[in-house]
Amino acid sequence: MFLGFDSSTQSLTAVLIDPATGEIACQQSVNFGAELPQYGSPSGFIPGGLSGEVHADPRMWLDALDLLFAKLCKATDLSKVEMIAGSGQQHGSVYLDETFNERLAMLDVTPGLAGQLAPSLTRATSPIWMDTSTGKECAEIAAVLGGPGEVCRRSGSVAIERFTGPQIRRFFKQSPADYKRTRHIHLVSSFMASVLCGKSVSVDFGDAAGMNLLNLAALTWDANLLEATAPGLLEKLPMPASVTTVQGLVSPYFVKKYGLSAGCRCALFTGDNPASLVGMGATAPGNIVISLGTSDTFFAAMPAPITDPNGFGHVFGNPAGGFMSLICFRNGSLAREALRDRLGVDWSAFDCAALEETRETAGKNLMLPFFGPEITPRHDFSGPVMEGSAEFTGGEHPGLQIRALLEGQFLNMRRHSEWMAVKPERIRLTGGASKNDGIGQLVADVFQAPVERLEIGNSAALGAALLAAAAAGEPLDSLQTSFCRPETGSGLMPDRSLAPVYEEAARKFGALLEKAVG
Ligand code: ADP
Ligand code: XUL
């Protein structure tokens, strides 16, 4: 059996798979806010950070690991686990001194992980992906390299506030002495992998690409980016490697305390988005994944590392080899919820039957679907912009605005994913809003591609479990065939008669957007 973890913003999840039966043997989760209230982080981070700072306490992630193993060993026989892999929320970083390895090697089973490893932290809290405090550092890094385009050409993304390099630079500037005594800078993913392995291990290519430090063409640290970020950085960073590189045996701490076998081995951890690409069965080009969560993300495998000329999209490593693109839209469910509440309706107003009533108006009324600042495109919108019939702009018929909002969201996705030059053959939909058939149908219609939804949620933890099996030699493509099954009856076909309608709407939407963004 193979165990995959996902250390995400709000929870730590484990999925145990049995490739012999094609079944998930066990799934367990720890919710940080609910189960570790002592960290005062109801949504997984410390609220009230100043100047855009969003940090989390790494001791909370360690306590969650102990708690999750305690649940797992009650629920299943962990001695059957052959290999462990995992994923983590991207970009977040953990800072540790030279005692980290020693402490990992000497873990005592009676007390927990947090108390034993906390003394090696050189930065008490970890900046995470929601942090926007490093605008100045991004500008400084770009200036040294000769502009944002050069940072993008090397690392796959322009310098971005949440990315690890700018975060490291800010720490170096604010606390130079603590930076100096830092011996290891880990991502959330490589930190968790190190704890499981009982030694400081590599960061994988997929997640390393979210740091503004990895040279994508060479898949090694980029000397110029490192130098522009902070002095002496190379010796503090783990070497990048493929996620399926076996690191060795699991730490004896987990063997003695939770009943893993002494022969159980560990691969690496990757980022949650690269792991989701695996768990959604989308590591080969052709399948696009759209995740409709708090924010919406659009990601896909890419044969070559093409970068977004506008700087909104990112390129990460694909765990199956090659690269993946990722585009994040801040106004996802937040905007859908805002319109729902403004119109005083519920989600049934977004379903197929309701949308069918306004089919005649498909592509006719336009909405820039932004209820607050957006990152793709980057603009501080203060509310949606509407252009169309008086009935639509006046809000007399709620259905018209709902249709235009969804069309606007997917036209915006279509427009901002054009740089990838990938024709979606099939879209795999995930995230909370994906269960709504009406929303799914509009995705199919706007992109003119069939939409599928999979049987299993937790795509990042599932992807990690599949990667653990792949690290032990199981072929990833056949693992994906058996575990990433579309849910029966969940497929949605595009209405082909709407192809020219959305072609025209895409053109008009683009013009309206240009006018608003300038
Ligand atoms: P997260 O990004 O936190 O993982 P989820 O993927 O769990 O988020 O998605 C949660 C969101 O899904 C909620 O904020 C809600 O707006 C949306 N949602 C849930 N059910 C529906 C539905 N039936 N129709 C549309 N949206 C829905
Ligand atoms: C991707 C990103 C988020 C995090 C959190 O760039 O910032 O999706 O990985 O899950």
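Some ground rules. Residues count from 1 along each chain as its sequence is written, and chains are lettered from A and ligands numbered from 1 in the order in which they are written. The model is predicted, so local features need pLDDT of at least 70 and side-chain atom pairs count only at pLDDT 80 or more, while totals for chains, interfaces and linings use all residues; side-chain values use heavy atoms, with hydrogens and water left out.

Start with ligand 1. Which residues are around ligand 1? They are Gly-293, Thr-294, Ser-333, Glu-337, Trp-347, Gly-431, Gly-432, Ala-433, Lys-435, Asn-436 and Ile-439. To be listed, a residue needs a heavy atom within 4 Å of the molecule. By class, that shell has 3 nonpolar, 6 polar and 2 charged residues. Here Ala, Val, Leu, Ile, Met, Phe, Trp, Tyr, Cys and Pro count as nonpolar, Asp, Glu, Lys and Arg as charged, and the others, Gly among them, as polar.

Now the polar contacts, meaning pairs of N or O atoms within 3.5 Å. A polar backbone atom of Gly-432 sits 2.8 Å from an oxygen of ligand 1. For a backbone N or O atom of Ala-433, the distance to a ligand 1 oxygen is 3.5 Å. Asn-436 uses its side chain: an N or O atom there is 3.1 Å from a nitrogen atom of ligand 1. On its own, ligand 1 has 590 Å² of accessible area, and the protein covers 63% of that. Those areas come from the Shrake-Rupley method with a 1.4 Å probe.

Next, ligand 2. Its surroundings are Gln-90, His-91, Trp-129, Arg-162, Asp-272, Asn-273, Phe-316 and Leu-326. That gives 3 nonpolar, 3 polar and 2 charged residues. Oxygen atoms of ligand 2 figure in these contacts. A polar side-chain atom of Asp-272 is 2.4 Å from one. With His-91, a side-chain N or O atom is 2.7 Å away from a ligand 2 oxygen. Gln-90 brings a polar backbone atom to 3.1 Å.

On to the cavity. On a 1 Å grid over the protein atoms alone, a cavity is a set of points where a 1.4 Å probe fits but cannot get out, and lining residues have an atom within 4 Å of a point. Grid points are joined across faces, edges and corners, and the volume is the space filled by probe spheres set on the points. How many cavities of 30 Å³ or more are there? The count is 1. Helix 17 (residues 398-416) gives the largest share, 3 residues. Helices (H or I, at least four residues) and strands (E, at least two) are DSSP runs, numbered from the N terminus.

Six strands form an open, mixed sheet in the order 3-2-1-5-14-13. Strand 3 (23-31) and strand 13 (248-249) are the edges, each with a single partner, so one side of each has no neighbour in the sheet. Pairing takes at least two DSSP bridges. Strand 1 (residues 2-7) and strand 2 (residues 11-18) run antiparallel over 6 bridges. Phe-2 has Ile-17 as its bridge partner in strand 2.

Last, the backbone. Most residues other than glycine have a negative phi, and most peptide bonds are trans. Ser-51 has a positive phi of about 50 degrees, in the loop between helix 1 (32-35) and strand 4 (55-56). The Thr-376 to Pro-377 bond is cis, omega near 0 degrees. Pro-377 lies in the loop between strand 20 (374-375) and strand 21 (378-379).

Key:
Polar contact = N/O pair within 3.5 Å; in protein donor to acceptor, adjacent residues only side chain to side chain. 1 Å grid on protein atoms, 1.4 Å probe; cavity = no way out; pocket = protein on both sides within 12 Å on 5 of 7 lines; lining within 4 Å.
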